[in-house]
Amino acid sequence: MLNALQVFTTVIVGLMVGVEFSVAFVMNRIFNALPEDSDQLARAHGGRMLGALMPFWYIGSLILSAVWAIAGWDHPGAGLVVIAAALLIASVIMSLLLLVPINNQGKTWTPENRPADWKEQMNRWDRYHYVRVAIIVAAFAFLVTALV
């Protein structure tokens with residue numbers, strides 16, 4: 001049963017990392033290359049869509065990692081899972097304090113009501129997101145290493 005939990009957790013966290021990596025290094029670059037108001041409209045739609053999904057994915061990944069750490073406490077690699085869970089906690093806190101407030105504003109913007117500094121706010125969100133991606137990539141790496 002522990003093996004199934006380990007593999008399931010690793011796959012779920014890995015998929016989350018893949019989505020967030022894609023947002024940071026693929027989707028946002030595509031959005032930035034779109035003409036006129038399309039960039040802002042795409043980001044607003046992405047914020048609404050992923051903003052509804054990602055909280056469950058982040059919290060779910062954290063819960064799965066915590067359950068793995070508890071269930072496998074006496075197994076090799078438990079310390080690595082605890083580190084991964086701590087990194088996932090940091091990513092959730094960072095999201096709540098830094099990224100979600102910007103996203104909550106940005107997902108309501110249209111070309112008619114967006115603030116003059118909307119691009120600067122999106123650039124700030126991107127910088128925070130790069131850090132969050134690095135954190136969750138590290139968490140994923142610790143989970144994968146714990147499997148070995």
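The model is predicted, so local features need pLDDT of at least 70 and side-chain atom pairs count only at pLDDT 80 or more, while totals for chains, interfaces and linings use all residues. Residues are numbered from 1 along each chain as its sequence is written, and side-chain values use heavy atoms, with hydrogens and water left out.

Start with the whole chain. Its C-alpha atoms fill a box of roughly 55 × 25 × 20 Å, taken along the principal axes. Of its 148 residues, 39% count as buried. Buried means under 20% relative accessible area, exposed means over 50%, and partly exposed lies in between (1.4 Å probe, protein chains only). Residues 24 or more positions apart account for 80% of the contacts with a separation of 6 or more; a contact means heavy atoms within 4.5 Å.

Next comes the interior. In soluble globular proteins, nonpolar side chains tend to be buried together. A nonpolar core here is a set of buried Ala, Val, Leu, Ile, Met, Phe, Trp, Tyr and Cys residues joined through side-chain atoms within 4.5 Å. The largest such core has 22 residues, and those with the most contacts inside it include Met16, Tyr58, Trp68 and Val81. Two or more residues come from each of helix 1 (2-32), helix 2 (38-71), helix 3 (78-106) and helix 4 (118-147). Helix 2 gives the most, with seven residues. Apart from this core lies another, of nine residues, among them Met94, Trp109, Trp118 and Ile135.

Single residues show some of the contacts involved. Leaving aside neighbours within four places in sequence, Val81 is in contact with Ser65, Trp68, Ala69, Leu143 and Ala146. Ser61 is placed in helix 2 and counts as buried, at 0% relative accessibility. Not counting residues up to four places away in sequence, Ser61 touches Ile12, Val13, Met16 and Leu88.

Gly72 is found in the loop between helix 2 and helix 3. With a relative accessible area of 4%, Gly72 is buried. Beyond its neighbours within four places in sequence, Gly72 is in contact with Leu2 and Ala78. The C-alpha atoms of Gly72 and Asn3 are separated by 9.5 Å, although these residues are 69 apart along the chain.

Helix 3 has a bend. It is about 50° at Leu99, and a proline, Pro101, follows within four residues; the angle is taken between axes fitted to the seven residues ending at a residue and the seven starting there.

A search of the whole structure finds two aromatic pairs. Rings of Phe, Tyr and Trp (its six-membered ring) pair if their centres lie within 6.5 Å; planes under 30 degrees apart count as stacked, over 60 as edge-to-face and the rest as tilted. Phe21 and Phe25 form a tilted pair, 4.7 Å centre to centre with 40° between the planes. Being four residues apart in helix 1, they are separated by about one helical turn. Phe25 is partly exposed, at 33% relative accessibility. The rings of Phe25 and Tyr130 have centres 5.4 Å apart and planes at 25°, so this pair is stacked. Because Phe25 lies in helix 1 and Tyr130 in helix 4, the pair ties together parts that are 105 residues apart in sequence. Phe21, Phe25 and Tyr130 form one aromatic cluster.
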